[in-house]
Amino acid sequence: MGRRIDVDACFGINEAGLVMATFLASAAFGRCPIGYLKCNKGRDRDFISLDRASLYPDLPKAPAIVLCDFEVKHADVVGFITREIRERYPGAEVYFAVFGAMTKERNLQVASFDDLTGAGIMRAADFKAVFIAATMSPPGIEPPLELR
């Protein structure tokens, strides 16, 4: 992108996202504070809530926050989380880093952002930027682990 992000905190979504947030906070963002967002899914699988074990560090006003998640598919977990973060930290500039983003097609060819199943939910979350490490074919990061 040609610019540097001065990050105030990295938040991990669930345990795998926490590993990513810890690595990025240490390796790329000057050991910035780390937050943890533990999601609980309801029985109907569409209801999401945050567990009391979630951790929110004290941050300056209008902080730059990187949300880290292991995978993004169809569910609007990132939208829910982003709304919660913006409510807790008004004026936050929110970035999203994800290890695996699922493609619409099994062949993994991605010509544009819209070829990802989660494109709509990521756009709706209005992130400042999205960083994706790998794409994955449906059904996602499950055996046979087809990442590219």
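Strand β6 covers residues 93-102 and β7 covers residues 130-136, and the two pair in the parallel sense over 6 bridges; strands pair here if DSSP finds at least two bridges between them. Between β6 and β7 the chain crosses through helix α3, residues 119-124, and this β-α-β crossover is right-handed. Right-handed means that, with the strands pointing away from the viewer, the path from the first strand over the helix to the second runs clockwise. Helices (H or I, at least four residues) and strands (E, at least two) are DSSP runs, numbered from the N terminus.

A word on the source: this is a predicted model, in which local features need pLDDT of at least 70 and side-chain atom pairs count only at pLDDT 80 or more, while totals for chains, interfaces and linings use all residues. Residues are numbered from 1 along each chain as its sequence is written, and side-chain values use heavy atoms, with hydrogens and water left out.

Now to the rings. Phe, Tyr and Trp rings (for Trp, the six-membered one) pair if their centres lie within 6.5 Å; planes under 30 degrees apart count as stacked, over 60 as edge-to-face and the rest as tilted. By this rule there are 5 aromatic pairs. One of them is F11 with Y56, a tilted pair at 6.4 Å centre to centre and 50° between the planes. This pair links distant parts of the chain, 45 residues apart: F11 sits in strand β1 (residues 9-13), Y56 in the loop between β4 (48-50) and β5 (64-72).

Is F11 buried or exposed? F11 is buried, at a relative accessible area of 0%, while Y56 is partly exposed at 23%. Here buried means under 20% relative accessible area, exposed over 50%, and partly exposed in between (1.4 Å probe, protein chains only).

F11 and Y56 also form one aromatic cluster with Y89. And Y56 has a charge over its face: R88, at 3.5 Å from the ring centre. The rule there is NZ of Lys or CZ of Arg within 6 Å of the ring centre and within 35 degrees of the ring normal.

N14, in helix α1 (residues 14-27), has a phi near 60°, a positive value in a residue other than glycine. R31, in the loop between α1 and β2, likewise has a positive phi of about 60° although it is not a glycine. N14 is partly exposed at 24%, whereas R31 counts as exposed at 70%.
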